[in-house]
Amino acid sequence: MKPGVRALGVAESYRGGAERSTLAAAVVRADRVVDGLAYGSCTVGGTDATDAVVSLVTDLGRPDARYVLLGAVAPAWYNLLELSRLHEALDRPVVAVTFEESDGLEASIRDAFAGTDRRERLERYRALPDRRELSVDGGTETVYVRACGLEAERVDEVVRGFTPEGGRPEPIRVARLAARAGETFAGSAGQGQGSNDVSND
């Protein structure tokens, strides 16, 4: 991976009881230089996360960032992202990278929602690309990837190229730090801010 290749990471942070979740986008080069930041938000427990990410990336205005790396598929309490729609709207490959083993989110969605809310979320979840393991950081760490717009071999190269150490791609790591800082600045310090790990899948 050439040092100047850029990817755009998206991550979120929210505090318990909040109605909105803070989204951050970070443009990071493969040599770990941070090259841009932007903020947005989506509704906790809503269905607007895909539109929010499209707006966030579009407003940032960085067509030179070749890839979009997402730190979750279900941020903000099951506000499911539609990877195929993101790929189409943003006109570049989209890769979701998560960090824990999971049996999937269907059971949790069924427990948390009913009626139309449950059906819509299950449809979006089932439409996601397949999830698979990928070793990074010289084989010492494992992440889980889903991708649209990129062949599997290239996905592996991109994720590994942006993960020099620590098991977390730099664009996602920086975006998560920025989201947490933004949430703190908005007045949520000490009230349980942090990424919604239970629904990252």
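**Reading a cavity, a helix pair and a glycine**

Mentor: Let us begin with the largest cavity, which is lined by 13 residues; Val10, Ala11, Glu12, Ala72 and Pro75 lie nearest its centre. Please bear in mind that this is a predicted model.

Trainee: How many cavities of 30 Å³ or more does the structure hold?

Mentor: The structure holds one cavity of that size. About 100 Å³ of space lies in the largest cavity.

Trainee: Which element gives the largest share of the lining of the largest cavity?

Mentor: Strand S1, residues 6-13, provides that share with three residues. Sorted by class, the lining has eight nonpolar, three polar and two charged residues.

Trainee: How does one describe two packed helices?

Mentor: One states the angle between their axes and the distance between the axes. Here, helix H1 (residues 49-60) packs with helix H3 (residues 83-90) at an angle of about 25 degrees, and their axes are 10 Å apart. Because angles under 35 degrees count as roughly parallel, H1 is roughly parallel to H3. The crossing of H1 past H3 is right-handed.

Trainee: Which residues make the contact?

Mentor: H1 contributes Thr50, Asp51, Val53, Val54, Val57 and Thr58, while H3 contributes Arg85, Leu86, Ala89 and Leu90. By class, the residues of this contact are six nonpolar, two polar and two charged.

Trainee: Where is glycine 45 found?

Mentor: Glycine 45 lies in the loop between strand S3 (34-43) and H1. Leaving aside residues up to four places away in sequence, glycine 45 touches Ala76, Trp77, Phe113 and Arg121.

Trainee: How far apart are glycine 45 and serine 21 in sequence and in space?

Mentor: They are 24 residues apart in sequence, and 9.5 Å apart in space from C-alpha to C-alpha.

Notes. Residues are numbered from 1 along each chain as its sequence is written. This is a predicted model: local features need pLDDT of at least 70, side-chain atom pairs count only at pLDDT 80 or more; totals for chains, interfaces and linings use all residues. Side-chain values use heavy atoms; hydrogens and water are left out. Axes are lines fitted to C-alpha atoms, for helices over the stretch in contact, and angles run from 0 to 180 degrees between N-to-C directions. Helices (H or I, at least four residues) and strands (E, at least two) are DSSP runs, numbered from the N terminus. Angles under 35 degrees count as roughly parallel, over 145 as roughly antiparallel, 65 to 115 as roughly perpendicular and the rest as oblique. A crossing is left-handed if the near helix is turned anticlockwise from the far one by less than a right angle, and right-handed if clockwise. Contact means heavy atoms within 4.5 Å. Ala, Val, Leu, Ile, Met, Phe, Trp, Tyr, Cys and Pro count as nonpolar, Asp, Glu, Lys and Arg as charged, and the others, Gly among them, as polar. On a 1 Å grid over the protein atoms alone, a cavity is a set of points where a 1.4 Å probe fits but cannot get out, and a pocket is an open set with protein on both sides within 12 Å along at least five of seven lines; lining residues have an atom within 4 Å of a point. Grid points are joined across faces, edges and corners, and a volume is the space filled by probe spheres set on the points.
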